[in-house]
Amino acid sequence: MNIGRAIEIMNAADIVDVSYQGEKVIIQNVDEETKKARIYTKANPDHELDVDVYQLIEEI
């Protein structure tokens, strides 16, 4: 995924399905400078990760 799309999804009013390593995640924040996204899984919202945006996949 690219930075622009990750930001759009993060700010979207509707829920957009995104996965990271096969798990559905929520994008909490995107850092344009480092190209990292802070995410958490729907199953475990207390476990946050910082990952490279390009590792996120939009489910269509």
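The legends below describe close-up views of a predicted model.

**View 1. Where β1 meets β5.** Strand β1 covers residues 18-20 and is joined to β5 by 2 bridges. The two strands run antiparallel. Val18 stands opposite Glu58, a residue in β5.

**View 2. Thr41 in strand β3.** Thr41 belongs to β3, which spans residues 36-41. Its relative accessibility is 13%, so Thr41 counts as buried; the cut-off for buried is under 20%. The side chain of Thr41 reaches the backbone nitrogen of Asn44 at 2.9 Å. Leaving out residues up to four places away in sequence, Thr41 touches Glu23, Lys24, Val25 and His47.

**View 3. His47 in the loop between β3 and β4.** His47 is located in the loop that lies between these two strands. With 42% relative accessibility, His47 counts as partly exposed. Beyond its neighbours within four places in sequence, His47 is in contact with Ile39, Tyr40 and Thr41.

**View 4. His47 and Arg5.** These residues are 42 residues apart along the chain. The C-alpha atoms of His47 and Arg5 are separated by 23 Å.

Methods
Residues are numbered from 1 along each chain as its sequence is written. This is a predicted model: local features need pLDDT of at least 70, side-chain atom pairs count only at pLDDT 80 or more; totals for chains, interfaces and linings use all residues. Side-chain values use heavy atoms; hydrogens and water are left out. Two strands pair if DSSP finds at least two bridges between them. Helices (H or I, at least four residues) and strands (E, at least two) are DSSP runs, numbered from the N terminus. Buried means under 20% relative accessible area, exposed over 50%, partly exposed in between (1.4 Å probe, protein chains only). A polar contact is a pair of N or O atoms within 3.5 Å; within protein, one must be able to donate a hydrogen and the other to accept it, and residues adjacent in sequence count only if both atoms are side-chain atoms. Contact means heavy atoms within 4.5 Å.
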